[in-house]
Amino acid sequence: MRAPAPAYAAAGDTIEVATRAIGAGLVHAVELVGEVQLHVHRDSLVPAMIALRDTPGLEYQQLMEIAGVDYPQRAERFDVVYNLLSMTRNHRVQVHVATDEEHPIPSVTGIWPVAGWLEREVYDLYGVLFEGNKDLRRILTDYGFRGHPLRKDFPMTGYTELRYSEEEKRVVYQPVQLAQDFRTFDFLSPWEGAEYILPGDEKAKPAPGAASTPPAALPQDKGAQTPATADQVQKADADGSAKQEPKASSEPYAKTTAESTAETGKGSAEPDATPKPADPDVIPTAGKGQNQ
């Protein structure tokens, strides 16, 4: 290392140096929010990685992560993203490689042995094949798992479920059985104006003589949840009808004036105080306590 604690390096001329080092193997390069993305041809991945590791001014010595991304609308639906770190420059770069379900990507285990497990994760979750990986097996799901769970066309419930069978004394696979009473879900927020009675609302019975539904255009207070639109709330506020005047109470104890503490509830500082005796029974004595 050039320094014991190198400062974080900006992108600088990383794209220019990487373009010269990778050559025709580079599809395009872009810098987004301070991060450099290098899109590389699938067949040129290994030479490009060696160039990024060994070229002065780049020197990305460590492979930190390999991730997958699924774009079902594309012909080459998968992107495999390699996150490289330069310990010398304290800088990171992302290398993107596009592929599909049939064409394998060259393995980089010959450059970074740690890539073996990382490539197995991408294979397990997305189904991307890696040519040259000598141990390409599932690593996160079970050996009998069907499909690849992070593909966007994979069903949320999966295809099979496993459970422990008391009869057979082992774990068995069976088709997915949804035991929910409600199979459909409405994700509309209740305060955005649901057109149905929410569970539990049927218990709130209106008072005798009251309207069955409250006026929608008048929220309870500023910021209160309401099914009314913003335009309706603004119009009601402009008309001065958003808040109603409080009604005069007919209760006998609601007094507008009070003449005694019994009516106000405010007592004196010492309600039962009497003049203190001149000779109290207990005389505190310094250093001996009050009872000696």
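**Figure 1. Surroundings of Asp135 in the predicted model.** Asp135 has a relative accessible area of 33% and is therefore partly exposed (buried means under 20% relative accessible area, exposed over 50%, partly exposed in between; 1.4 Å probe, protein chains only). Its salt-bridge partner is Arg137, at 2.6 Å from N to O (a side-chain nitrogen of Lys or Arg within 4 Å of a carboxyl oxygen of Asp or Glu). Arg137 is likewise partly exposed, at 40%. This is a predicted model, in which local features need pLDDT of at least 70 and side-chain atom pairs count only at pLDDT 80 or more, while totals for chains, interfaces and linings use all residues. Residues are numbered from 1 along each chain as its sequence is written, and side-chain values use heavy atoms, with hydrogens and water left out.

**Figure 2. The salt bridge of Glu101 and Arg77.** The closest N and O atoms of Glu101 and Arg77 are 3.2 Å apart. Glu101 is partly exposed at 39% relative accessibility, whereas Arg77 is buried at 9%. Shared partners join Asp70, Arg77, Glu101, Arg151 and Asp153 into one salt-bridge network.

**Figure 3. The open sheet.** Five strands are ordered β1-β2-β5-β4-β3 with mixed pairing (strands are DSSP runs of E, at least two residues, numbered from the N terminus; two strands pair if DSSP finds at least two bridges between them). β1 (26–32) and β3 (62–70) are the edge strands, each with a single partner strand, so one side of each lacks a neighbour in the sheet. β3 pairs with β4 (residues 78–86) in the antiparallel sense over 8 bridges; Val69 has Asp79 in β4 as its bridge partner.

Definitions and conventions: Helix = DSSP H or I, 4+ residues; strand = E, 2+ residues; numbered from the N terminus.
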